[in-house]
Each structure stands twice: as C-alpha cells, then as structure tokens.
Amino acid sequence: MRKKTLSAAVLCAATVLSVAGLSATPSVAAEPAPKPTSDFNGDGYADLAVGVPGATVGGKARAGYVNVVWGGKKGLGGHGSTTVSQGSPGVPGTVEKDDGFGSAVATGDMNGDGLTDIVVGTPGEDNSAGGAAGTLTVLWGARSGIKGGFTAANGRYADNQIGRIVTTGDYDGDGDQDIALSTANDEIRAMEMRPGPFKTGSPAALKRVDSWRFSGPRAVTSGDFDADGRDDLAVTYGGTEIAGTAVYGTESGAWQRTWRTGDTATALATGDFDGDGTADLALGQVQPNPEAEEGDHGYCEDRLGGAIATVYGKSGTTLGGDVSCTTQNTPRVDGNSEAEDNFGAALAVGDVDREDGDELIAGASAEAVGSDQAAGAYWILESTGTGKEFYGSGVNQTSPGVPGAAEAGDRFGAAIAVDDYNGDAYPDSAVAAPGENASSGGVWYGTPKDRPAPQVSVTPARLGLAGARSYGAVLGH
C-alpha cells in the first residue's frame with residue numbers, strides 16, 4: 001500500500017494515532033471493560049467461529065465445517081481449536097458433497113443459558129423438499145466446548161437456499177434471541193426471521209421481513225437504531241432492477257421499513273462512532289442505485305477504490321443524522337485510492353481504545369502492496385465527530401509485527417471479527433487472508449490498541465486441520 005505525503009500538522013496528528021491509541025485528543029478514563037460477545041465455553045475469553053464451507057469432510061468435497069478457535073491468555077492460536085461438522089455427535093444432518101455447512105456463521109445466546117451459541121447456514125443442504133433447500137443449525141455452547149446442535153429451520157422447496165446470510169438479535173422484544181436469514185425462490189430473494197425460543201417443539205415458521213424481485217440481500221447487521229429497546233435489522237440489497245439499503249423494525253408489532261436510502265453496499269456495520277449514545281450505520285464499498293438519475297452520485301461522489309458512507313444516528317428517529325464519506329483519499333487515511341481496491345468491502349466494529357466511541361475496522365482485500373496485486377490490507381478508523389469522516393492507519397503483511405509476507409492473491413482483510421480473545425479487557429482483531437498458502441487460508445490475531453503490535457497467524461496447518469479451503473473467509477461475529 002503506497003503512503004501519501006502528509007503535512008507537518010497531519011504528521012503530528014498521525015504520531016498521536018500510531019501505536020498507542022488512535023485518538024487525536026488527550027486520553028480520558030477508559031470505558032468499563034466489555035464482556036466478550038462470543039464466549040462459547042464460558043471461560044471469560046472470547047472465541048472465534050470460522051466457517052469453512054469449502055472444506056472436504058469424510059471425502060465429501062465442499063461438505064463444510066465450522067472451526068472454533070479457543071481464546072485464552074495467549075489469545076487466538078494458543079489454546080487449540082475444535083472442528084464441528086454435520087458428522088459430529090449430536091449435530092443434525094448428514095455430511096454430503098456441496099452442502100456448504102458454514103457458508104454463514106453468526107453468534108448469540110440462543111437458549112438463554114449464558115453461553116454463546118453458533119448459528120450456521122447451510123444453503124446447499126438437500127432435504128425432502130429437494131436440492132439446495134438449505135438448513136439453519138444452532139450449535140450449542142457448553143462448558144466442555146460445543147455440544148450438539150438444533151435444527152432451527154429447513155428449506156421449504158428446492159433451491160430455497162436458506163441461510164446464505166444470517167444475523168441474530170431480539171427483533172420482537174420478547175427477550176428471546178431471533179435469527180434473521182436470507183431465502184430464495186425463483187426470481188425472488190427475501191430476508192425472513194426465525195423467532196426464538198430455540199428448543200424442541202418451538203414454532204419453526206419463518207416470518208417475512210421484506211423481499212425483492214430480481215434483487216436480493218448482500219449483507220445485514222443488527223442494531224437498535226431507534227432506541228426502542230429492541231433490535232432492528234439493516235439490509236443492503238442489489239440486483240438488476242433495484243438496489244438500496246433499509247432498516248426494518250417491529251415496534252408496531254409487524255415488520256416495517258423505518259429508513260431507506262437508494263445507496264447499496266457490500267458490507268454493513270453498526271456502532272456508536274461519535275460517542276453520542278445513538279447507533280450509527282456504516283455502508284462499506286457503497287454505490288448509488290444503478291437506476292438513479294444521471295448526476296446522482298449517492299452519498300459518495302468519490303468512490304474510486306471503494307468508499308465507506310457512515311449514516312449517523314439522531315435521538316428520536318432512525319438514522320436521522322448527517323452522513324460522512326471516507327476513502328483512501330480522505331486526509332489522515334493511509335494509502336491512495338486505486339481502482340478495484342474494494343476499500344470497505346469487509347467491516348467490523350469495536351471500541352478498541354475504550355475511549356470516545358467505537359472504531360471501524362475496514363478491509364480492502366484487493367489492495368495492492370507494492371507490485372503484489374490483491375495482497376490486501378485493513379484500516380483501524382476513528383470518527384472525528386458527528387457527520388465527520390474517519391481517519392486512521394492501515395496494516396498489511398509488510399507492517400511491523402505482522403507475520404508472513406504480502407503476496408499476490410492473499411486477500412488479507414477479506415473478513416474481520418473483533419472481540420476480547422486474550423481477556424485483557426480490550427477488543428482484539430481477527431483478520432482473514434483466505435488466499436494465503438495457495439488458498440488454504442489463515443487468520444491474523446492481534447491487539448489493535450497497541451498497533452502495530454506483534455500478531456499471530458492462525459492457519460489450518462498450525463491448527464492441524466484437514467481439508468480446509470479459504471480458511472477465514474467466513475468469520476462469526
């Protein structure tokens with residue numbers, strides 16, 4: 001990644017940003033330590049669920065599995081891992097070619113026992129309805145590790161492909177976690193909700209959120225955008241005839257759209273970036289509606305190499321605040337915008353310095369590093385205030401403390417997760433490079449608060465995994 005020339009004033013600010021805190025203002029008292037959001041065995045350390053839908057299992061190509069990398073004092077990579085497939089004890093289903101178990105992975109406490117569970121989408125699953133009907137499975141967290149699973153939903157007809165996209169939240173406000181998932185039907189694509197609770201005998205009927213003809217969901221995220229105490233669902237969708245991003249809520253009792261823009265995106269993330277107590281929405285690799293009138297550039301006129309539009313929240317309404325646009329051409333953002341970098345195509349959120357709101361971690365897996373195309377990089381970005389663009393520094397495999405070498409096709413930054421994997425009360429990053437080692441893949445674990453801190457590469461070879469392909473392309477969060 002080429003570095004732009006900075007003025008003396010910006011260099012001074014950049015010095016404050018680097019290594020120790022990503023804040024251009026004097027340090028303030030840290031926020032209370034957050035609890036890990038993905039602790040599957042209840043030991044107080046966050047764990048990482050990695051979906052490997054292209055993995056060979058029992059000789060069945062692309063049957064897929066989920067690999068759980070355990071956190072601990074040494075962070076990821078120092079405490080082993082557990083692999084779960086449809087052939088594991090207590091997990092429903094059968095290992096079959098092209099199932100793609102692990103194509104989507106989300107996390108949440110789905111049975112209310114205080115332990116995080118794993119929601120797994122298997123869109124290629126065959127059932128009595130026909131081929132690629134799909135299935136949705138909950139893998140139960142337990143003190144002893146992952147212990148069996150539960151079928152939350154099955155596809156209703158051939159090519160229903162349920163669970164290609166999933167996320168979790170309490171959307172109906174009843175205290176049970178729910179699952180939002182994508183479905184398909186001929187020319188129609190939809191988002192639907194499988195309401196909790198998740199136990200034997202619970203109703204498995206899906207409730208429609210919205211649907212699109214010749215279009216469909218690209219990415220989703222959950223957040224309480226209207227501050228009514230229940231989660232809302234943000235969906236970005238696109239196709240040949242319609243595109244956009246919308247927020248849906250159930251305050252009235254039924255799903256209703258509460259906000260919409262014609263801009264579509266590749267990734268979504270929610271966080272409180274300006275620290276004002278309202279939820280904001282980041283749209284990564286944002287694009288205007290292809291049917292927009294000539295001259296309508298949407299949120300971001302400069303989109304060369306990718307842009308991130310951030311819609312800020314406003315008290316009393318859904319995403320009623322100002323909008324900012326951040327690119328590699330933004331002042332105090334490392335690099336230079338180049339065609340097809342896909343800056344912002346992967347997003348994650350965490351208060352990595354525990355000061356003044358959340359940071360946005362943005363990947364650009366197609367970023368060239370020197371002459372190596374699609375070597376990839378990621379950025380830790382901080383907002384300068386409500387409606388303001390972000391700033392921050394980039395990291396690639398040539399950065400100090402990052403193991404390995406930047407190589408063409410590594411796609412470092414293709415997926416990102418954030419949680420406290422080493423129990424030091426600060427969120428850490430897990431950054432994927434699914435093209436690493438001839439597409440065997442890997443995940444780089446590090447501590448952004450001390451960036452550039454020494455990182456650890458967690459690869460299938462290190463974990464002793466067999467049959468892995470593009471490891472890290474699907475990360476649960």
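Strand 14 and strand 15 form a hairpin with six residues between them. Gly-253 sits in the turn, with a positive phi of about 105°. Strands here are DSSP runs (E, at least two residues), numbered from the N terminus. The two strands pair in the antiparallel sense over five bridges; pairing requires that DSSP finds at least two bridges between strands. Tyr-248 has Arg-257 in strand 15 as its bridge partner.

This is a predicted model: local features need pLDDT of at least 70, side-chain atom pairs count only at pLDDT 80 or more, and totals for chains, interfaces and linings use all residues. Residues are numbered from 1 along each chain as its sequence is written, and side-chain values use heavy atoms, with hydrogens and water left out.

An open sheet holds four strands in the order 16-17-18-19, paired antiparallel. Strand 16 (267-271) and strand 19 (323-326) each have a single partner strand, so one side of each lacks a neighbour in the sheet.

The largest nonpolar core has 23 residues. Such a core is a set of buried (under 20% relative accessible area, 1.4 Å probe, protein chains only) Ala, Val, Leu, Ile, Met, Phe, Trp, Tyr and Cys residues joined through side-chain atoms within 4.5 Å. Leu-48, Val-69, Leu-76, Tyr-421, Tyr-471 and Leu-475 touch the most other members. Strand 1 gives the most to this core, with three residues.

Methods: Buried < 20%, exposed > 50% of the residue type's maximum accessible area, 1.4 Å probe, protein only.
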